[in-house]
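Let's take the terms one at a time.

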Amino acid sequence: MTTREEKYRRMQLRKDMGNRKVTEDQLKVRVGGPRYLGAHACFKCRKSFKMAYRDDRKNKCPQCKRPLAEMGRAFRAPKINDVKQWKKVEKLRMAGFRFATRTSNKITYPYSLQDVDTFIKTHKG
Ligand SMILES: [Zn+2]
């Protein structure tokens with residue numbers, strides 16, 4: 001399990017390498033501590049929100065007020081009407097895959113919903 005500090009350090013490294021654009025607002029958020037923005041998914045609304053991670057992990061969906069799932073930086077939100085892709089992402093997330101960025105041991109996530117169950121069986125524990 002990687003700590004948030006470690007993730008933050010890696011993100012800084014990536015930023016230094018120049019493959020991540022950082023907006024002024026995101027920089028402001030970081031002042032005063034390792035709080036940074038990350039993707040949070042609502043599987044009900046099928047939306048992704050960039051917001052600061054909370055230590056208690058209780059970020060709520062601004063739209064439906066349900067708890068949001070913290071997603072890693074490799075997460076790319078599907079289109080809102082792509083129900084199958086959202087179902088796929090939800091299944092993966094519930095199985096413990098967080099879409100974290102890893103430079104080594106990189107996982108290729110399944111492309112379609114029908115491949116998810118096999119993928120989870122193969123890659124879990
Ligand atoms: Zn929602």
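Q: Where does Arg57 lie?
A: Arg57 sits in the loop between E2 and E3; strands (E) are DSSP runs of at least two residues and helices (H or I) of at least four, numbered from the N terminus. This is a predicted model, in which local features need pLDDT of at least 70, side-chain atom pairs count only at pLDDT 80 or more, and totals for chains, interfaces and linings use all residues. Residues are numbered from 1 along each chain as its sequence is written, and side-chain values use heavy atoms, with hydrogens and water left out.

Q: Why is Arg57 called partly exposed?
A: Buried means under 20% relative accessible area, exposed over 50%, and partly exposed in between (1.4 Å probe, protein chains only). Arg57 has 40%, so it counts as partly exposed.

Q: What is the phi of Arg57?
A: Phi is positive, about 55 degrees, although Arg57 is not a glycine. Most residues other than glycine have a negative phi. Lys65, also not a glycine, has a positive phi near 70 degrees.

Q: Is Lys65 buried or exposed?
A: Lys65 is exposed, because its relative accessibility is 54%. Lys65 is found in the loop between E2 and E3.

Q: Which residues coordinate the zinc ion?
A: The donors are the SG atoms of Cys42, Cys45, Cys61 and Cys64, at 2.2 to 2.3 Å. Donors are N, O and S atoms within 2.8 Å of the metal (3.2 Å for Na, K and Ca); water is not among the atoms, so sites may look incomplete.

Q: What makes the arrangement around the zinc ion tetrahedral?
A: Four donors count as tetrahedral if all angles lie between 85 and 135 degrees. Here the angles are 103 to 115 degrees, so the arrangement is tetrahedral.

Q: How are the donor residues of the zinc ion spaced in sequence?
A: Their spacing is C-x2-C-x15-C-x2-C. Cys42, in strand E1 (residues 37-42), and Cys64, in the loop between strand E2 (47-52) and strand E3 (69-70), are 22 residues apart. Cys42 is buried at 1% relative accessible area, whereas Cys64 is partly exposed at 26%.

Q: How do you know that Lys88 has no salt bridge?
A: A salt bridge is a side-chain nitrogen of Lys or Arg within 4 Å of a carboxyl oxygen of Asp or Glu. For buried Lys88, the nearest side chain of opposite charge, Asp82, is 8.1 Å away, so no salt bridge is counted. Lys88 is found in helix H3 (residues 83-94).

Conventions:
Tetrahedral: all angles 85-135°; square planar, octahedral: opposite > 155°, others 65-115°. Lys, Arg positive; Asp, Glu negative; His and termini not counted.
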